[in-house]
Amino acid sequence: MATFQEARSFLEGEFWEKDSSMVATAAKNPSVSQQNDAYRLSRILDSDGFTALLFLFIPLLILGALKFYPVVFNLVISFTNYDLSPNFRFVGLRNYQEILTNDVYLKAIRNTLLYVVGTVPIGTFLSLFIATLLNQGIRGRLFFRTAFYLPVVTLVAATALVWRWIMNPQGGLANTALDSLGLPGLGWLTDPNTAMLSLVVITLWGGIGGNMVIFLAGLQGIPSELYEAAEIDGARAWQSFFYITIPMLSPVTLFVVVTYTIAIFRSFGLIFMLTQGGPSLSTNTLVWEVYQTAFGYLRFGLGAAISVVLLLTILLLSIPMRLFQGEDF
Amino acid sequence: MVSRSSPKLGGAFSRALTYFALATISLFMLLPFFWMVSTSLKIDAEIFTPGIKWIPSQLDWENYTYIFRDLNMEVLFRNTIFVTLIAVVAQIILCSMAGFAFARLHFRGRDVLFLAVLITMTVPFEVLVLPLFILIRRFPFAGGNDLLGNGGIGLMNSYAGIVFPHLVTVYGIFIFRQFFLGFPKELEDAARIDGASRLRIYWSLLMPNSAPVVGTMGLFAFLWAWNDLLWPVIVVKENSMKTLQAGLAIVAQNPSRWGEMMAASVIITLPVIFVFLLLQRFLVQGVATSGLKG
Amino acid sequence: MTSDLSRRTFLKFAGYTGVALGLAACAPAATPSTGAAPNAGAAAPAAEPVKLLVTMVDYFDSTKEALDQQILPAFAEIHPEITVDINYTAWNKYNEELTTAFAGGVTPDLMQGGAIFVPQFAYRDWILPLDDYIETADEWNWEDFMPSTRDDVTIDGQVLAIPYRLDVRTPWYREDLLAEVGYTAPPATWAELREMAKAATIRDGDEFVRTGFHFPPNTINWQNDFQVFVALLAAAGGKLLNEDNTQSLLAEPESLETADFLRTLVLEDQSAMYPPFENQGELSALHTGKGVLTISNEGPEIAARLYAPETLPLLKAAPPAANKEARTHVWINKFFISKLTTKPDATWALLQFITLPEQLAIYTGSFNSLAPRISLADADFVTENMRVMAKAAETATVYPKYHRMAEIFRPTAQALEAILRGEKSVEVAMQEAADAVNNILAE
């Protein structure tokens with residue numbers, strides 16, 4: 001692997017079809033008919049289909065109960081007025097109609113998108129950047145990694161309290177810091193204009209560590225030969241970062257972006273603890289609407305419909321992402 | 001071991017800059033946690049004095065002793081550890097198997113099936129909770145139920161019930177799939193030529209070389225199971241079966257007792273950090289390409 | 001405000017209406033047998049052992065102690081065959097807990113609930129009516145419960161829950177700070193409230209150093225400006241809904257007047273900060289001297305006792321400031337029995353026991369709240385301030401008995417927020433809210 005180019009194409013590798021004749025050549029049996037039977041059996045047993053069945057049976061069975069059934073349940077009740085009362089009846093598209101005509105839901109969609117757009121790109125980039133930094137022979141690597149991961153493991157309830165205290169508009173740490181820099185204080189979580197921003201900051205704080213871990217794992221898959229080759233060719237650190245690290249990590253990055261996006265769309269804990277959708281509905285996201293409608297108002301049918309809208313929103317958003325990334329998904 | 005899978009930083013300046021950046025951000029990350037620990041060790045009166053006081057003037061372990069004395073910690077810990085370990089093992093095995101199937105096996109409808117699975121990830125757990133609980137409660141032949149799920153309590157108040165949502169996760173399947181997709185084909189093809197079955201490839205080739213992703217998933221599975229509050233609270237009403245989160249809910253979720261709440265948070269967090277430190281080594285094992293040299 | 005915060009969580013819970021009970025296939029409604037309700041002291045033990053599951057969500061450490069060491073042992077003496085299993089949980093996930101429990105068909109026998117529970121649950125036929133039991137429980141004395149609380153738990157003529165805790169909102173103030181600006185008595189009318197708030201406010205340019213009127217801030221949950229509104233609405237002689245819950249009264253003169261009063265404090269007089277000063281943990285602006293007057297329950301006193309004892313003698317409760325009448329609003333916590341219970345008699349035995357005057361005093365006293373019994377208005381744990389509040393509770397209003405109150409809160413709270421932030425005028429905002437509520441009522 002003398003040059004970077006060679007190394008890269010070596011590793012990217014083309015996918016090619018497995019030829020089952022390879023299996024046949026491995027079988028060594030004297031008798032022809034026995035050979036045929038054994039061959040057929042081993043063909044079946046080793047076929048992709050059978051192995052897939054073996055491997056997927058239990059996981060998918062559990063997933064069926066865990067995910068598919070509740071999702072279908074939800075879909076079905078979204079066309080009803082299910083509220084655990086005796087007045088259960090089918091209402092067709094009425095829930096959806098209510099959603100599409102009520103301002104609150106449109107605002108919720110907007111807030112959700114804001115939340116996602118504010119958090120995912122920055123968060124992904126920062127996680128990648130930090131993972132790269134922490135993958136080198138820096139002293140205190142372990143300490144830094146642990147420090148970055150700590151927010152991820154901290155309980156939401158404690159996190160919320162601490163951040164509420166930090167973002168206290170009167171004398172909280174945040175405004176005190178701003179003040180010392182000569183800047184005016186902000187309303188943070190109490191001001192409709194800055195509440196979402198505050199939420200994004202806290203979310204980033206709590207989320208970077210998680211994705212950092214994934215990127216760290218992904219970075220292990222990049223062989224050092226590439227960097228050595230590049231160094232020989234005279235590349236500088238940032239060039240290596242942009243031309244080796246980022247492209248080589250692209251499947252991992254895609255994974256992080258997709259899962260992080262979905263995670264933010266679903267993010268519930270912080271809003272529950274800190275703002276409950278306020279102030280002035282500025283942090284009212286679709287998930288919060290779902291929760292309130294379902295467990296607050298006990299209108300599970302309507303809540304289910306909102307969750308379907310949420311699902312559709314995510315799907316719609318992910319289509320351009322998939323097209324952008326090509327078929328590797 | 002030092003991994004060189006990154007561009008090497010040259011120059012004292014960029015090194016210094018790096019350290020500075022890392023240190024600053026670390027401070028930002030650690031601040032809240034430090035404040036949590038500090039609060040948990042303060043005497044009550046000091047928690048609420050206006051102004052910012054980082055170090056308690058006296059170390060007061062009252063909050064911790066209260067929790068250990070009054071809240072039946074051994075039972076809570078035992079339950080949580082047991083459930084979490086099952087979750088970790090189950091997720092690693094089942095998700096890697098499914099991930100392998102989706103990444104490396106060809107069968108009709110594979111991509112559609114994977115997409116369907118992936119779509120379910122977009123649904124928040126709060127939405128799934130109600131039907132899921134009904135299923136657990138009405139699980140046939142469990143907890144006194146008959147075939148149709150009547151008469152008993154199903155899997156409520158049981159380890160099986162608590163661990164159920166943590167046996168398989170879509171995230172786990174997704175991450176294993178991505179990882180296996182990125183695995184160099186050459187090794188696999190070499191093994192196939194040598195006559196290995198797919199099962200062998202999975203078990204003897206891919207998995208042993210998947211330390212990073214196994215470590216990652218192990219950590220995440222541990223974290224999710226350990227920190228799960230909503231599900232155990234719904235499924236377990238019996239004090240002897242409660243998990244840490246549920247059992248400490250009376251302090252950990254009750255914001256009117258800050259000191260105890262912070263102490264509870266610290267107690268719950270420490271084991272996860274410990275596991276993180278333990279699994280660190282798997283995250284930096286760079287053996288994926290070792291078979292390719294030469 | 002230790003109990004205030006747990007009340008706030010409770011209020012959030014109340015704001016969320018609690019849990020709906022699913023109609024479960026199993027557990028038919030049990031008919032209470034009239035002769036079985038035991039009176040205090042009379043032992044009528046049933047033969048077989050019975051185990052009860054109780055979910056306790058409203059408690060302090062001291063409550064746990066009181067239950068474990070006093071109440072339950074005393075109960076066990078009378079009913080040795082009944083074991084009580086208490087599941088201590090938190091308001092945070094209570095909605096989800098109860099909803100799923102009822103939907104799944106397995107519920108606790110005895111539960112606690114918040115202010116707007118009963119209509120919700122009654123609508124879903126989840127609560128066991130208690131009339132038959134109460135009829136035979138003479139010594140226990142239902143009449144001893146305050147009339148407003150008895151009314152609150154009665155739906156369509158059936159008593160569905162037993163109140164155990166009152167959460168009354170009256171004016172609280174810092175005696176010393178008020179005296180500083182020349183007032184030695186608390187405000188008796190809205191006009192006085194306005195005047196005193198103005199006088200007590202101290203500003204430093206644009207910033208508030210001290211607000212005359214302090215809105216208790218949002219903590220974990222509910223909009224406390226809304227709670228203040230509801231408390232004042234009672235004084236204005238107004239209500240949220242009309243008699244048969246078919247019409248919103250938010251656009252009526254009383255509601256407008258109340259909303260306008262708040263607007264005046266915030267926007268015209270600038271004697272109230274909105275959003276208000278955040279709490280320092282449990283301590284509110286009243287403790288730190290940043291606020292002088294507020295409308296609250298006994299939380300400030302409890303927090304002061306625990307965390308700021310030097311302010312304890314300075315905090316005073318006052319009777320409701322009158323507009324048309326000196327009246328306020330009360331939130332009531334209650335116990336109720338699940339209709340799915342298989343041991344109604346035993347559960348009633350326990351419920352009745354806990355709510356006897358002696359036991360209730362221990363129980364509710366353990367979290368320093370007001371008990372809804374008239375005979376307990378002067379109990380040992382009742383402080384001077386609490387006595388004032390108890391008096392106010394006698395004539396206080398309660399929420400309309402409408403099963404979708406939780407949904408009605410939001411448009412109302414939003415309207416208030418818009419008004420207090422100066423985004424909309426009172427008429428426009430309240431009319432919008434009234435329309436939104438009418439839509440809900442019409443469905």
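**View 1. Salt bridges across the predicted model, with a pair that joins chain A to chain C.** Over all chains of this predicted model, the count by the rule applied here comes to 29 salt bridges. A:Glu289 and C:Arg410 are both buried.

**View 2. A salt bridge between distant parts of chain C.** The side chains of C:Lys324 and C:Glu257 meet in a salt bridge, with 3.8 Å from N to O. The two residues lie 67 residues apart and link distant parts of the chain: C:Lys324 sits in the loop between strand S11 (315-317) and strand S12 (330-337) of chain C, and C:Glu257 sits in helix H10 (residues 253-268) of chain C. C:Lys324 counts as exposed because its relative accessibility is 55%, and the limit for that class is over 50%. C:Glu257, with a relative accessible area of 34%, is partly exposed, because this class covers values between the 20% limit for buried residues and the 50% limit for exposed ones.

**View 3. A buried pair and a salt-bridge network in chain C.** C:Glu407 and C:Arg404 form a salt bridge in which the closest N and O atoms are 2.7 Å apart. Both C:Glu407 and C:Arg404 are buried. Salt bridges that share partners also join C:Arg194, C:Asp260, C:Arg263, C:Glu268 and C:Asp269 into one network.

**View 4. The interface between the two domains of chain B.** Chain B is divided into domain 1, which spans residues 1-60, and domain 2, which spans residues 62-290. In this view, 12 residues of domain 1 of chain B are in contact with 12 residues of domain 2 of chain B. Between them the two domains of chain B bury about 1000 Å², and 71% of this area is on carbon and sulfur atoms. Across the interface of these domains the rule finds 3 residue pairs in polar contact, with both residues at pLDDT 80 or more, while the count of salt bridges between domain 1 and domain 2 of chain B is 0. On the side of domain 1 of chain B that touches domain 2, helix H1 (residues 12-40) gives the most, with 6 residues. The residues of that side of domain 1 of chain B divide into 8 nonpolar, 2 polar and 2 charged.

Technical notes. Residues numbered from 1 in each chain as written. Chains lettered and ligands numbered in written order. Predicted model: local features only at pLDDT ≥ 70, side-chain atom pairs only at ≥ 80, totals over all residues. Heavy atoms only, no water. Domains from an automatic or database assignment. Contact = heavy atoms within 4.5 Å. Buried area = accessible area lost by both parts, 1.4 Å probe. Salt bridge = Lys/Arg side-chain N within 4 Å of Asp/Glu carboxyl O. Polar contact = N/O pair within 3.5 Å; in protein donor to acceptor, adjacent residues only side chain to side chain. Helix = DSSP H or I, 4+ residues; strand = E, 2+ residues; numbered from the N terminus. Nonpolar A, V, L, I, M, F, W, Y, C, P; charged D, E, K, R; others polar. Buried < 20%, exposed > 50% of the residue type's maximum accessible area, 1.4 Å probe, protein only.
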